[in-house]
Amino acid sequence: MILLDIGSALRKQNLRTLDWEQVDLVSGRLGPITVKGGKNFEVRLSGNPLERLRRHAAAVRQAGRELKGPVFTLPNWRRRWERTRAAAGLKDYRWHDNRHTFGAWARIAGVDLATIRDAMHHSSIAMTTRYTHITPDEAPTAWDTMGRVLDAMLQPPAKEPTDGRS
């Protein structure tokens with residue numbers, strides 16, 4: 001659930017009330033999800049978060065339950081979160097910090113602020129910058145991106161395997 005939260009940037013309430021009707025395990029889309037202000041949006045999962053959600057669905061089915069109702073049944077949710085947080089050694093870490101992690105890691109990976117703003121459903125770039133928590137020196141620049149593009153473009157073409165004949 002934590003990795004799904006970091007990978008989706010959902011708010012705690014959206015994740016806790018996520019229903020199987022909102023989940024498309026094939027495309028990785030979650031939604032519609034209602035955010036602050038009553039607006040609806042979709043999340044597009046991929047990679048590890050989507051795979052973990054698929055494994056969770058398989059475990060639910062294997063337990064003989066249908067994929068109906070809440071995605072997560074969370075008895076003692078608060079106590080479980082506190083145990084997990086303590087085991088990870090995170091003393092000053094709140095559930096909402098998962099959204100900050102999404103923003104910071106996305107920015108460090110080179111995602112532009114406008115794209116992060118859209119994914120996090122912020123109303124302004126100013127709000128998004130509060131979530132990215134990185135200094136200008138840590139943020140990938142346009143020059144970093146162009147350096148990678150040029151490096152890839154200027155690589156010599158891969159040699160074709162030969163059969164020994166000329």
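The lining of the second largest pocket takes at least two residues each from S3 and from helix H7 (125-132). Helices (H or I, at least four residues) and strands (E, at least two) are DSSP runs, numbered from the N terminus. The model is a predicted one, in which local features need pLDDT of at least 70 and side-chain atom pairs count only at pLDDT 80 or more, while totals for chains, interfaces and linings use all residues. Residues are numbered from 1 along each chain as its sequence is written, and side-chain values use heavy atoms, with hydrogens and water left out.

To stay with that second largest pocket, about 240 Å³ of space lies inside. A pocket here is an open set of points on a 1 Å grid over the protein atoms alone, where a 1.4 Å probe fits, with protein on both sides within 12 Å along at least five of seven lines; lining residues have an atom within 4 Å of a point. Grid points are joined across faces, edges and corners, and the volume is the space filled by probe spheres set on the points. The lining includes Lys-39, Asn-40 and Phe-41, along with His-121, His-122, Met-127 and Tyr-131. By type, the lining splits into 4 nonpolar, 4 polar and 3 charged residues.

The largest pocket has a volume of about 300 Å³. H1, S3 and helix H6 (113-120) are the elements that give two or more residues to its lining. Of the 14 lining residues, Glu-42, Val-43, Arg-44, Phe-102 and Ala-119 lie nearest the centre. The lining of this largest pocket divides into 5 nonpolar, 5 polar and 4 charged residues.

S3 also belongs to an open sheet of 3 strands, ordered S1-S2-S3 with antiparallel pairing. S1 and S3 are the edge strands, each pairing on one side only. Two strands count as paired if DSSP finds at least two bridges between them. Strand S1 (residues 23-24) joins strand S2 (residues 29-34) over 2 antiparallel bridges, with Val-23 partnered by Leu-30 in S2. These two strands make a hairpin with 4 residues between them, and Gly-28 in the turn has a positive phi of about 80°. The S2 and S3 hairpin has 5 residues between the strands, and Gly-37 takes a positive phi near 85°.

In a regular strand the side chains alternate between the two faces of the sheet. For S3, the covered face holds Phe-41 and Val-43, while Asn-40, Glu-42 and Arg-44 sit on the uncovered one.

Gln-22 counts as buried because its relative accessibility is 18% (buried means under 20% relative accessible area, exposed over 50%, partly exposed in between, with a 1.4 Å probe and protein chains only). The Gln-22 side chain reaches the backbone oxygen of Pro-32 at 2.7 Å, and one of its polar atoms lies 2.8 Å from the backbone nitrogen of Asp-19. Polar contacts like these are pairs of N or O atoms within 3.5 Å; within protein, one must be able to donate a hydrogen and the other to accept it, and residues adjacent in sequence count only if both atoms are side-chain atoms. Leaving aside neighbours within four places in sequence, Gln-22 is in contact (heavy atoms within 4.5 Å) with residues including Thr-17, Arg-29 and Leu-30.

Ser-8, in helix H1 (residues 2-8), is buried because its relative accessibility is 4%. A polar atom of the Ser-8 side chain lies 2.9 Å from the backbone oxygen of Leu-4, and the side chain of Ser-8 also reaches the backbone nitrogen of Leu-10 at 3.2 Å. Not counting residues up to four places away in sequence, Ser-8 touches Val-43, Leu-45 and Phe-102.

Thr-73 sits in the loop between helix H3 (47-62) and helix H4 (77-87). Thr-73 is exposed, with a relative accessible area of 56%. Thr-73 and Arg-16 are 57 residues apart in sequence and 8.3 Å apart in space, C-alpha to C-alpha.

Conventions:
Ala, Val, Leu, Ile, Met, Phe, Trp, Tyr, Cys and Pro count as nonpolar, Asp, Glu, Lys and Arg as charged, and the others, Gly among them, as polar.
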